[in-house]
Amino acid sequence: MPVLSVIIVSYNVRHYVRQCLDSVLRSCPDAELFVVDNASSDGSAEYIRDCFPQAVIIANTENVGFGRANNQALAQASGRYVLFLNPDTVVAERTLPGCIAYMDSHPGTGAVGVRMQYGDGRFAMESRRSVPTPSVSFWHMTGMGRLFPRSRKFAKYHLSYMDRDSECPIEVVSGAFMFVRKEALDRTGGFDESFFMYGEDIDLSYRILQAGYENCYLPLPIVHYKGESTNKTSYRYAKVFYDAMTIFFDKHYRHYNGFFRLMVKLVAGVRKIVTFLGQNILKGRRQIAECREKCLFVGRRECFDDVAALVARSSHLTGLQYAGSPETADLSGIEAILFDTDTFSYDRILDLMYGYACGGRLMTMGLYSQKTGHLITIDEVL
């Protein structure tokens, strides 16, 4: 029996899936791998099957949604622990062993989440969340948590008043990296398939708590590029996201009085429209202000020409420079740093990017693999 089963649901992001699986195997070489492809049009299923013959590939003929796709693989998983992992993630080498060791020594813990960071090193607030009770949801959707991030009342949704570099109890574990005890999944029944996308991780986390387990946040790093397979400018995205919140509310909080329920749903409806308009307006402004980023490659000198050829095709990168080590490199004027992943561990890369961001220096991260011949950033695959 394997210690860990890893389940990834894929939709038109085959190069991100390969990078993700490569990082998983660097962190846990003996992991049982499942990839559920939701009817991608980019040949993802065949590509991943060729690259990872040890993985179980489930190729759906239609997009069945996040929860149902995960449940398809969960029915076959045999690990003591199950990791539900987004395809647009990169896992550090110490992260999976750290999660396994913690769960082994804390039998009362049902699920674990980790320190997620974006492609520029910034901490992802969804790494730690509370169950969206009516009051928690109300303060979050009205923006009070953002205005008062240190308030235990207003900022409870994202727990922004807690130290992000310390272990702590949480209620909701993000579906982007949801490390769960298989025993807890057997007791709760996996994801509720009435959620098509978004909200199912909140629902499962809540049911794990109801089953008598605790959930925990560990400051172990992963990168989450955040929604490479999702069009966040569509009204459908805004509708699905906020409708998921109302599905959760109706499922678990129907006992609240009608006026309060109406207020929460009204705020959710307004947020749908605001999110859609904001995403599209901001997208337009970003396109107007878009400029190419000066970049630095750190790694083996013999790879520089190959990386330079990739950068020459980029719509975002320019002015490539070289350094053997990021610690000794001159970063003045650099806006993107490209790492040779065969030279540097993901532990080192992710810690460096996080450190830059904590120090106020935001740079785009690029990951180059000589094995695949690709350079991947949040913006493009070269």
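The following conversation goes through a predicted model of one protein, from its overall make-up to single residues.

Me: What is the secondary structure content, in helices and strands?
Reply: The protein in this predicted model has twelve helices and 14 strands.

Me: And how much of the protein is buried?
Reply: Of its 382 residues, 57% are buried. The accessible surface comes to about 16300 Å², and carbon and sulfur atoms account for 53% of that area.

Me: What share of the contacts links residues 24 or more positions apart?
Reply: Counting contacts with a separation of 6 or more, 76% are between residues 24 or more positions apart.

Me: Which residues touch the most other members in the largest nonpolar core?
Reply: Those are Phe179 and Phe339, in a core of 64 residues. A separate core has 31 residues, including Ile7, Phe66, Ala111 and Tyr354.

Me: What is Phe179 in contact with, beyond its neighbours within four places in sequence?
Reply: Its partners include Leu4 and the run Tyr81, Val82 and Leu83. Leu96, Cys99, Ile100 and Met103 are also in contact with Phe179, as are Gly110, Ala111 and Val112. Ala111 in that list is a member of the 31-residue core.

Me: Which residues lie nearest its centre?
Reply: Gln19, Asp22, Tyr346, Ser369 and Thr372 do, out of 16 lining residues.

Me: Which element gives the most to that lining?
Reply: Helix H1 does, with five residues. The elements that give two or more residues are H1 (14–27), strand S13 (364–369) and strand S14 (374–376).

Me: How does the lining of that pocket divide by class?
Reply: It has five nonpolar, six polar and five charged residues.

Me: Now backbone angles. Where is Asn12, and what is its phi?
Reply: Asn12 is in the loop between strand S1 (4–10) and H1. Its phi is near 60°, a positive value in a residue other than glycine.

Me: Why does Asn12 count as partly exposed?
Reply: Its relative accessibility is 29%, and the partly exposed class runs between the 20% limit for buried and the 50% limit for exposed.

Me: What about Leu159: where is it, and is it buried or exposed?
Reply: Leu159 is in the loop between helix H6 (144–147) and strand S7 (168–170). It counts as buried because its relative accessibility is 4%. Leu159 is not a glycine, and its phi is positive, about 50°.

Me: Is Arg129 buried or exposed?
Reply: Arg129 is buried, since its relative accessible area is 8%.

Me: Where is Gly119, and what does it touch?
Reply: Gly119 is in the loop between strand S6 (109–117) and helix H5 (134–141). Beyond residues up to four places away in sequence, it touches Val223, His224, Met353, Met363, Thr364 and Met365. Gly119 and His224 are 105 residues apart along the chain, while their C-alpha atoms are separated by 6.9 Å.

Me: Why is Gly119 classed as buried?
Reply: Its relative accessibility is 6%, and buried means under 20%.

Me: Last one. Where is Glu46, and how exposed is it?
Reply: Glu46 is in helix H2 (residues 44–51). It is partly exposed, with a relative accessible area of 46%. Glu46 and Ile57 are eleven residues apart in sequence, and their C-alpha atoms are 8.8 Å apart.

Note on methods:
Residues are numbered from 1 along each chain as its sequence is written. This is a predicted model: local features need pLDDT of at least 70, side-chain atom pairs count only at pLDDT 80 or more; totals for chains, interfaces and linings use all residues. Side-chain values use heavy atoms; hydrogens and water are left out. A nonpolar core is a set of buried Ala, Val, Leu, Ile, Met, Phe, Trp, Tyr and Cys residues joined through side-chain atoms within 4.5 Å. Buried means under 20% relative accessible area, exposed over 50%, partly exposed in between (1.4 Å probe, protein chains only). Contact means heavy atoms within 4.5 Å. Helices (H or I, at least four residues) and strands (E, at least two) are DSSP runs, numbered from the N terminus. Accessible areas come from the Shrake-Rupley method with a 1.4 Å probe; for residues, only the protein chains shown count as cover. On a 1 Å grid over the protein atoms alone, a cavity is a set of points where a 1.4 Å probe fits but cannot get out, and a pocket is an open set with protein on both sides within 12 Å along at least five of seven lines; lining residues have an atom within 4 Å of a point. Ala, Val, Leu, Ile, Met, Phe, Trp, Tyr, Cys and Pro count as nonpolar, Asp, Glu, Lys and Arg as charged, and the others, Gly among them, as polar.
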